[in-house]
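Visitor: Could you show me the structure and then take me through it, a few questions at a time?

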Amino acid sequence: MSGSWFEIINREFFADPNLICLSGPYVYYDTPAWQQWAVKWLYWGMLARMIYFFTKYMATGGNLVAKRQALLKIGGFNTNIAFYGEDTDTARRLHKVGKVKFSNSFFMQTSGRRFAREGTIKTGAKYVANYTSIMLIKKPAMKKYKDIR
């Protein structure tokens, strides 16, 4: 899939009338090569592919596009979730009303400063724990979030 972010959105939604949400991974432009490899393994490797195969939903909050009507149908975003897991919760609920697609070709570049501050393993573990918790019990594993600014 090539083209600008908006071109990809238009092409994907035009090609599939059942599509209500499109999301993809982040690509961290300012992290060491080993961290970029670790994140690619998580998003693009077997772990993400297996989860997506079974659930049919996956989303990255900062790289998510959804149809307005679908968001209205699910009652919008769950504002009770402070940070970790809100994207998974949204994708899980959207999946009930239509197709949610996660595409590695629909990526967004962003900073990896959270990895630098919190550590790659700790940050990755938080994301995996909260995704799994939302998937299984419909609640995030973590209740609080500390801003890292």
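Visitor: What distance separates the end C-alpha atoms of H2, and what should its twelve residues span?
Guide: Helices are DSSP runs (H or I, at least four residues) and strands are runs of E of at least two, numbered from the N terminus. The expected span is 1.5 Å times one less than the number of residues, so the twelve residues of H2 should span 16 Å, and this agrees with end C-alpha atoms that are 15 Å apart.

Guide: A word on the source: this is a predicted model, in which local features need pLDDT of at least 70 and side-chain atom pairs count only at pLDDT 80 or more, while totals for chains, interfaces and linings use all residues. Residues are numbered from 1 along each chain as its sequence is written, and side-chain values use heavy atoms, with hydrogens and water left out.

Visitor: Which residues have the most contacts inside the largest nonpolar core?
Guide: A nonpolar core is a set of buried Ala, Val, Leu, Ile, Met, Phe, Trp, Tyr and Cys residues joined through side-chain atoms within 4.5 Å. The largest one has 20 residues, and those with the most contacts inside it are Cys21, Tyr28, Tyr43, Leu94 and Val100.

Visitor: Is Thr60 buried or exposed?
Guide: Thr60 is found in the loop between helix H3 (46–55) and strand E3 (64–66). Leaving out residues up to four places away in sequence, Thr60 touches (heavy atoms within 4.5 Å) Ser23, Gly24, Pro25, Tyr26, Tyr43, Asp87 and Phe102. With a relative accessible area of 3%, Thr60 is buried.

Visitor: Which element gives the largest share of the lining of the largest cavity?
Guide: The lining is made up of Tyr26, Val27, Tyr28, Gln36, Val39, Lys40, Tyr43 and Trp44. The elements that give two or more residues to this lining are E2 and H2. The largest share, five residues, comes from H2.

Definitions and conventions. Buried < 20%, exposed > 50% of the residue type's maximum accessible area, 1.4 Å probe, protein only. 1 Å grid on protein atoms, 1.4 Å probe; cavity = no way out; pocket = protein on both sides within 12 Å on 5 of 7 lines; lining within 4 Å.
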